[in-house]
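Hi,

Here is the structure I promised to pass on. Have a look at it first, and then read on for what turned up.

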Amino acid sequence: MNPASALTAAFVLLAAVPAFGQDWDPVKSATGWASFDRDGSCVFLDPAARALRVWSRDTGTTEMLAVSRLDAPPEKWVLDPAGNAWIVTSTTLQRLEKTGKAGTSYSLPAEVADLAWDARSFVLCYRTKEPYLERRDLKGGAVMWTYGIKPSKGGLAAQVRHRVAIREDGKVLLTSGESLRLDLLDIEKGTRTGTEDFTVKGKPLPLLALADGDRGGLAWWMNNNVALMAVPAYQLPPGEGKGLMLARLDLTTHDLLFLPTGADEKAVLVGILDNSAVLRGPAGGLTFVPIP
């Protein structure tokens, strides 16, 4: 059972949070961080309502969790099967009870660049020069394993250099730096088990020209053995396209295709829904791009 899809009707809504508000539509209004779950649901932050909204395209908003008792706005989050949330803000990880009460908190070694989860845990990928990951227990937030070298003051990065996703078989996918390859980690042990390399039209992969830009998001396409990376065209060799491109990485054939999206290069990959990549535009709202 997946965290966001296992929410119950037990949320207690605070007075600061209005009714579900069917006038709020992330397709038109979504801003900030979000990530689609395997069942097609997604948890968005609604700043005006000061709440996290559990939303799906078929049913709209189904649950809300008030965030008004937090000291700072949430930056990233994951919900557990009981309806509580783990909230990341700067270098703090805090448990938010389904009643809206703030609970246990942990100090983190750096800012979080990316977050992925399965039914029992979540993986934090840090904003560091070299990869550093932590797997934490979804129930209590305790560290289950770490991967890489814990960052010192000089080990931090000004940009997002690493991204993670989790496959249905439990393997953690990690993409780092300028490379378009995928490293595979054992989710139970936190050890590297191999690397998936790819070719573009039979040629070796190019390196990304990150400059001062961030690595785009990484998403796993369930039951298709395909990963998607968001890549702004300016990070690719000349002639590969414009705006935001999607790198389609086929782990069966080991071919990589660059797919145009027609979206602005500052658009963000939120995840995959059915046969479409979901992008959030720089000004807000969602776009659904079919995946060939």
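This is a predicted model: local features need pLDDT of at least 70, side-chain atom pairs count only at pLDDT 80 or more; totals for chains, interfaces and linings use all residues.

β9 and β10 (residues 132-137) pair in the antiparallel sense, with 5 bridges between them. They form a hairpin, and 5 residues lie between the two strands. On its other pairing, β9 runs antiparallel to β8, joined by 5 bridges.

Is β9 enclosed or open? It is largely enclosed by the rest of the structure, because 6 of its 6 residues are buried. Both of its faces are covered: S121, V123 and C125 are buried on one side, and F122, L124 and Y126 on the other.

Two of those residues lead on to the largest nonpolar core, which has 27 residues: F122 and L124, together with L52 and W77, touch the most other members. Strands that each supply at least two residues to this core include β1 (41-46), β2 (51-56), β8 (112-117) and β9 (121-126). β5 gives the most, with 4 residues. Beyond its neighbours within four places in sequence, F122 is in contact with residues including V78, W86, L93, W117 and L138.

There is also a second, separate core of 23 residues, with L182, A227, V231 and L236 among them. In soluble globular proteins, nonpolar side chains tend to be buried together.

Enjoy exploring!

Best wishes

Methods: Residues are numbered from 1 along each chain as its sequence is written. Side-chain values use heavy atoms; hydrogens and water are left out. A nonpolar core is a set of buried Ala, Val, Leu, Ile, Met, Phe, Trp, Tyr and Cys residues joined through side-chain atoms within 4.5 Å. Buried means under 20% relative accessible area, exposed over 50%, partly exposed in between (1.4 Å probe, protein chains only). Contact means heavy atoms within 4.5 Å. Two strands pair if DSSP finds at least two bridges between them.
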